[in-house]
Amino acid sequence: MAEAIFGQVLTAMVTPFHPNGAIDDNGVVQLVNHLLDNGSDGIVVCGTTGESPTLTHAEKLHLFRLVKQTVGKRGTVIAGTGGNDTAASIQLTQEANEIGVDGVLLVVPPYNKPSMEGLYRHFKAIAEAAPTLPCMLYNVPARTAQNMDAATTVRLAKEIGNIVAVKEASGNLVQMAEIVADAPHDFAVYSGDDGLTLPLLAVGGVGIVSVIAHLVGRQMKEMHTAFFSGDLTRAACLNAQMLPVLKACFQPTTPSPAPLKAGLNRLGVNVGGLRLPLAEANEKEQAVIFAAMERVGLI
């Protein structure tokens, strides 16, 4: 079975902003320490939850440096360097490598909707441009309009030595199981959906790139510990305990991370608002996340 090369519980970190929309460095440091103190083994910086589409190239590099400096040796840092321009993704990946991140997250290119061969060549080109840097693929068709099939993921896992993991957010557990079954034994499959974490572990997954671990990171980590120690009843109970927060973070009326940011601010972990075109959660949506947090004992 594959090892969790980056750790079991990786949190896809939100990006803290000042009221004027600038990155809040103090907020970043506070949030990183909060995550590391509450179950996170590693942090994914500038992913979807971090509002990466509205971050400039320079801001991403700044965040990579700041988070890496803050984490030190306490966990891993995975930099979101993928995009829909292969050349630009190569440049950002190489610069992230120079900063000293532990790995990069490479998303299926949004909007372009490339073929499976195009996806293969895209990821191959990025990975080979930084051949010593571990790469995690990221399949999230709900955001990118293209699903990377299991065969393409397995092909990349077998042929490109530093492509070592995938964050699978297809919502298709059969596809995830196919990757586990057909990829090299040391290729790590992470869930990209908090709600499918436990089922994925059951078919050979190694961990989660989580959103809700911002709020219930200790429970998420404990669920992994219980599962891998063979206490499946405890793991199932912990999974059930987290469901209210999961549902509240992914409300149908507002996209993530709007409810999550409201929850973190309520918790005293100050992350500010969002950048347009995302909008903050309204009072009704905030009430949902606050009620879920109260239900699980956070407030």
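Q: What makes a residue nonpolar, charged or polar here?
A: Ala, Val, Leu, Ile, Met, Phe, Trp, Tyr, Cys and Pro count as nonpolar; Asp, Glu, Lys and Arg count as charged; the others, Gly among them, count as polar. Keep in mind that the model is predicted. With that rule, the lining of the largest pocket divides into 10 nonpolar, 11 polar and 4 charged residues.

Q: How much space does the largest pocket hold, and which residues are closest to its centre?
A: Its volume is about 480 Å³. Of the 25 residues that line the largest pocket, Gly47, Thr48, Ser52, Pro53 and Pro110 are the closest to its centre. The elements giving two or more residues to this lining are β4 (103-107) and α5 (141-144).

Q: What does the second largest pocket look like by the numbers?
A: About 340 Å³ of space lies in it. The second largest pocket has 20 lining residues, and Tyr138, Arg143, Gly192, Val211 and Phe250 lie nearest its centre. By class, its lining has 10 nonpolar, 6 polar and 4 charged residues.

Q: Why are α4 and α6 called roughly parallel?
A: Helix α4 (residues 116-129) and helix α6 (residues 150-159) pack at an angle of about 30 degrees. Angles under 35 degrees count as roughly parallel, and therefore α4 and α6 are roughly parallel to each other. Their axes are 10 Å apart, and α4 passes α6 in a right-handed crossing.

Q: What makes residues of α4 and α6 count as meeting?
A: Contact means heavy atoms within 4.5 Å. On the α4 side, Met116, Glu117, Tyr120, Phe123 and Lys124 take part, and they meet Thr152, Arg155, Leu156 and Glu159 in α6. The residues of this contact divide into 4 nonpolar, 1 polar and 4 charged.

Q: Why is one space called a cavity rather than a pocket?
A: A cavity is a set of points where a 1.4 Å probe fits but cannot get out, whereas a pocket is an open set. The count comes to 1 cavity of 30 Å³ or more.

Q: Which residues line the largest cavity?
A: They are Asp194, Gly195, Ile212, Met220, Asn239, Met242, Leu243 and Leu246. Helix α10 (residues 232-249) gives the largest share of this lining, 4 residues. By class, the lining has 5 nonpolar, 2 polar and 1 charged residues.

Conventions. Residues are numbered from 1 along each chain as its sequence is written. This is a predicted model: local features need pLDDT of at least 70, side-chain atom pairs count only at pLDDT 80 or more; totals for chains, interfaces and linings use all residues. Side-chain values use heavy atoms; hydrogens and water are left out. Axes are lines fitted to C-alpha atoms, for helices over the stretch in contact, and angles run from 0 to 180 degrees between N-to-C directions. Angles under 35 degrees count as roughly parallel, over 145 as roughly antiparallel, 65 to 115 as roughly perpendicular and the rest as oblique. A crossing is left-handed if the near helix is turned anticlockwise from the far one by less than a right angle, and right-handed if clockwise. On a 1 Å grid over the protein atoms alone, a cavity is a set of points where a 1.4 Å probe fits but cannot get out, and a pocket is an open set with protein on both sides within 12 Å along at least five of seven lines; lining residues have an atom within 4 Å of a point. Grid points are joined across faces, edges and corners, and a volume is the space filled by probe spheres set on the points.
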